[in-house]
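Please load the model in the viewer and keep the selection tool at hand.

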Amino acid sequence: MPLIRETIVITTGRDGRAHIAPLGLIAEGDDWIIAPFRPSATLDNLETVPFATASHTDDVRVFAGCLTSRRDWPTVDANVVPVQRLADALTHMELAVTDVTADPQRPRFRCRVVLTVQHAPFQGFNRAQAAVVEAAILVSRLNMLPRDRIERELAILQSAVEKTAGLVELEAWSWLMDKVTAHYAV
Ligand SMILES: Cc1cc2nc3c(=O)[nH]c(=O)nc-3n(C[C@H](O)[C@H](O)[C@H](O)COP(=O)(O)O)c2cc1C
């Protein structure tokens, strides 16, 4: 299995607007693969404007927020590519699409790293941050995975949140749990 790094990918729409989505970037040599499942605004944007930024952040509210209709995170222009990046990124990469592997379900956009910039120090690991990212992935698959598996995995993740979360992680966790509750209430 290849290395996959969970990032906040920003692309530019036909109308020039920034689109933010958490996506796992797949390592391939010095390049990164962006592989969105159809349908996807990220995919449509990459076909129109073949550039992206990947912002690395330890504010897991961005991951949880994008999955719970809170996509309005501050962004600023990237240095080189015609795309925005997260304003509060610890580091960000600027990516140019060099190759596209067509696929009816999940095309692969191979990206070359044009620039990497560091903005702020990484403060260290926190188990609740990892738990929120995992829970956000589960929430993105609520329509695909069986309810008992979702609830079993969330229960394990909840323990890490209860033991180690700060206020930021608690807020992100609450957004995700509200969405899970609402999903199963209908
Ligand atoms: C950590 C994380 C990684 C994800 N990785 C992917 C991915 O590689 N491909 C994908 O299609 N969706 C992925 N998702 C789900 C997308 O973020 C979500 O479906 C998103 O809305 C993409 O659709 P969009 O491009 O229309 O915004 C991931 C979600 C999370 C929280």
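Begin with Asp31, which touches Ile26, Arg110, Cys111 and Arg112 when residues up to four places away in sequence are not counted; contact means heavy atoms within 4.5 Å. The model is predicted, so local features need pLDDT of at least 70 and side-chain atom pairs count only at pLDDT 80 or more, while totals for chains, interfaces and linings use all residues. Residues are numbered from 1 along each chain as its sequence is written, and side-chain values use heavy atoms, with hydrogens and water left out.

Asp31 is found in strand β3. Helices (H or I, at least four residues) and strands (E, at least two) are DSSP runs, numbered from the N terminus. With a relative accessibility of 16%, Asp31 counts as buried; buried means under 20% relative accessible area, exposed over 50%, and partly exposed in between (1.4 Å probe, protein chains only). Display the side chains of Asp31 and Arg110 together: a polar contact of 2.7 Å joins them. A polar contact is a pair of N or O atoms within 3.5 Å; within protein, one must be able to donate a hydrogen and the other to accept it, and residues adjacent in sequence count only if both atoms are side-chain atoms.

**The ligand and its shell**

Select the ligand next, together with the residues around it. Which residues are the closest to the ligand? They are His19, Pro22, Phe37, Ser40 and Thr42, in a surrounding set of 19 residues. A residue is near a molecule if one of its heavy atoms lies within 4 Å of it. By class, the shell has 11 nonpolar, five polar and three charged residues. In this scheme Ala, Val, Leu, Ile, Met, Phe, Trp, Tyr, Cys and Pro count as nonpolar, Asp, Glu, Lys and Arg as charged, and the others, Gly among them, as polar.

Colour by secondary structure: β2 (18-28), α1 (41-48) and α3 (127-140) each supply at least two residues of the shell. Strand β2 gives the most, with five residues.

- A ligand oxygen atom is 2.7 Å from an N or O atom in the side chain of His19.
- A ligand oxygen atom is 2.7 Å from a polar backbone atom of Phe37.
- A ligand nitrogen atom is 3.1 Å from a polar backbone atom of Gly24.

The protein covers 84% of the 620 Å² of accessible area that the ligand has on its own. Such areas come from the Shrake-Rupley method with a 1.4 Å probe.

**His19 in strand β2**

Centre the view on His19, which has its place in strand β2. At 19% relative accessibility, His19 counts as buried. The side chain of His19 makes a polar contact of 3.4 Å with the side chain of Arg71. With neighbours within four places in sequence left aside, His19 is in contact with Val9, Ile10, Thr11, Ala41, Thr42, Asn45 and Arg71.

**Into helix α1**

Select Pro39, in the loop between β3 and α1. The peptide bond from Arg38 to Pro39 is cis, with omega near -10°. At the start of α1, a side-chain oxygen of Ser40 reaches to within 3.1 Å of the backbone nitrogen of Thr42.

Which residues of α1 are buried? They are Thr42, Leu43, Asn45 and Leu46. Seen down the axis of α1, these buried residues fall within an arc of 165°, so they line one face of the helix; the arc is that of the directions from the helix axis to the C-beta atoms. Their cover includes β1 (4-12), β2, β3 (31-34), β4 (51-56), β7 (91-101) and β8 (108-118).

Move to Arg85 in strand β6 (residues 84-86). Arg85 is buried, with a relative accessible area of 11%. Arg85 and Ser55 are 30 residues apart in sequence and 6.3 Å apart in space, C-alpha to C-alpha.

Then select His56, which lies in strand β4. The C-alpha atoms of His56 and Ala89, 33 residues apart along the chain, are separated by 5.5 Å.

Finish at Ser69, in the loop between α2 (61-66) and β5 (75-77). Phi of Ser69 is near 60°, a positive value in a residue other than glycine. Most residues other than glycine have a negative phi, and most peptide bonds are trans. At 73% relative accessibility, Ser69 counts as exposed.
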